[in-house]
Amino acid sequence: MIGGGRCWTTSATACGQLHFGGSCMMIFRGENASKAYTQAETGEWLELGGGNGRCQCSDGWMGPYCNLPTNTSVVVPNPLPSPTQTGPELESWLERLCAEVAPNEASNLATACSQIKWKP
């Protein structure tokens, strides 16, 4: 896994930033997205939900929170979508990816695409 863990964009330590492992990218939730809050003992209102962003790893780091080094002698392009993408953007990415799969291909990707495309 290369990133994707929940994080707060205001955190100086999120996503392995202390070790140059990654950064927290703000995600767009849409103007109608609901938010949940709780009131702290100090009276301050704190937003719930695990963060306002997702981790995106720098080259040489992996894991949901970019805290695991990779073998830097092998560079593999990241075929995964950005962790900041919204649901419709991810759906478009999946449709483009699955359009490249041959109809009779026998692979894990072909199986996953057939399950994604299935409609009741």
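**Cys66 and its partner**

I started with Cys66. Cys66 is buried, with a relative accessible area of 1%. I kept in mind that this is a predicted model. Next I asked which residue a disulfide joins to Cys66. The partner is Cys57, with an S to S distance of 2.2 Å. I looked up the torsion about this S-S bond and found -95 degrees, a left-handed link. Is Cys57 buried or exposed? Cys57 has 15% relative accessibility. The cut-off for buried is under 20%, so Cys57 counts as buried.

**Cys15 and Cys55**

I moved to another pair. Cys15 and Cys55 form a disulfide with their sulfur atoms 2.0 Å apart. Where do the two ends sit? Cys15 is in the loop between strand S1 (6–7) and strand S2 (22–26). Cys55 is in strand S5, residues 53–57.

**Cys98 and Cys113**

Then I took the helices. Cys98 and Cys113 form a disulfide, and I read 2.0 Å between their sulfur atoms. Cys98 lies in helix H1, residues 87–99, and Cys113 in helix H2, residues 108–117. The pair therefore ties together parts that are 15 residues apart in sequence. The link of Cys98 and Cys113 has -80 degrees about the S-S bond and is left-handed. Cys98 is buried at a relative accessible area of 2%. Cys113 is buried as well, at 4%.

**Disulfide count and pattern**

How many disulfides does the structure hold? I counted four. I then wrote down the pattern, counting bonded cysteines along the chain: 1-3, 2-4, 5-6, 7-8.

**The chain as a whole**

I found two helices and seven strands in the protein chain. What is their order from the N terminus on? I read β-β-β-β-β-β-β-α-α.

I looked up burial for the chain too. Of the 120 residues, 22% are buried. The chain exposes about 8900 Å², and carbon and sulfur atoms supply 57% of that area.

Last, I checked contacts. Among those with a separation of 6 or more, 55% are between residues 24 or more positions apart.

Note on methods. Residues numbered from 1 in each chain as written. Predicted model: local features only at pLDDT ≥ 70, side-chain atom pairs only at ≥ 80, totals over all residues. Heavy atoms only, no water. Helix = DSSP H or I, 4+ residues; strand = E, 2+ residues; numbered from the N terminus. Buried < 20%, exposed > 50% of the residue type's maximum accessible area, 1.4 Å probe, protein only. Contact = heavy atoms within 4.5 Å. Areas by Shrake-Rupley, 256 points an atom, 1.4 Å probe, with all protein chains shown as cover. Disulfide = S-S within 2.5 Å.
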